[in-house]
Amino acid sequence: YKLSVSPEMDIMEYCRKEWRGNTPVAKRMRKGYEAVAQKFASIRRIRGDNYCAFRATLFQALSQATQLPGWLQSEDFAMLPENLMSKYDWIKQWQLKQKPGKKMGEISDEIKEYLILLRKKWKNISEIKDPLEKQEACDKLFKNEEEEYSLYEALKFLMLSTAIELYNADKSGRRVPVFSWLLFARDTSSNPCQLMQNHLNHIGHSGGLEQVEMFLLAYALQYTIQVYRLYKYSTDEFITLYPNDPEEDWPVVTLITEDDRHYNIPVRMCQETML
């Protein structure tokens, strides 16, 4: 039985345990962790299984949620799979977790269930006022494997929906963010169908999120994802924002990575930072 989100540990203690040597890499990592420790007191390790970017982002978003985001409140939110599948036949090739080869109608119903579950969990947790209780509710959710993976399936589908919107907007001459061009400039994802087949279907199974897909996740959630990229310490990419020109009213979640593949989360903002 693996913990999805490990208990808190002092950031510098964690760093000393992980990066003991005197290699240039170890020195750089220690400097990076020292910089993070100026803002956050603790770190929580995220289970690494190709879902860690989803897990870290969603855990942080729910931990600080005080209201249901606008896009989760819309009437036709749960109808998304049905609406999209009526327009795009190729979505039938969506790979459900551990359930390859499901029939089209069933896929639509299952994804609808996952989206409804996402809305329900977000609503329930955002209504908890007491910070300790809220944290307990998040910990509990991320110990329930069945629910947890259903939520990632919902996030993946939201990313697909967002990608379709951006692709269509660009094709009809509307302005789209720069990452959208990069997303569809890849040989393996020149349109949303390829993005689904070659990337989204594989997330959690044979790979995690690539850089450009972190932008897509941020857009799908309408959250700014701020990442301390420790191996980039002392460069201007040390703190990277997805998207890099975020909307002002988007909430911010913070993650830590040592290599752009695995993500952990910093917690407990230091008092002076909060003022």
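Residue R268 lies in strand β6 (residues 263–269), strands being DSSP runs of E of at least two residues and helices runs of H or I of at least four, numbered from the N terminus. Its phi is near 60°, a positive value in a residue other than glycine. R268 counts as exposed, at 52% relative accessibility; exposed denotes over 50% relative accessible area, buried under 20% and partly exposed in between (1.4 Å probe, protein chains only). The model is predicted: local features need pLDDT of at least 70 and side-chain atom pairs pLDDT 80 or more, whereas totals for chains, interfaces and linings use all residues. Residues are numbered from 1 along each chain as its sequence is written, and side-chain values use heavy atoms, without hydrogens and water.

A positive phi, near 75°, also occurs at N50, in the loop between β2 (40–44) and α3 (52–63). N50 is partly exposed, with a relative accessible area of 30%. Between β4 (239–242) and β5 (252–257), the loop contains P243, which is joined to Y242 by a cis peptide bond with omega of about -5°. Most residues other than glycine have a negative phi, and most peptide bonds are trans.

In the largest nonpolar core, of 76 residues, L118 and W122 touch the most other members. Such a core is a set of buried Ala, Val, Leu, Ile, Met, Phe, Trp, Tyr and Cys residues joined through side-chain atoms within 4.5 Å. Helix α8 (residues 145–171) gives the most to this core, with 13 residues. Apart from it lies another core, of 15 residues, including M12, V36, I43 and F238.
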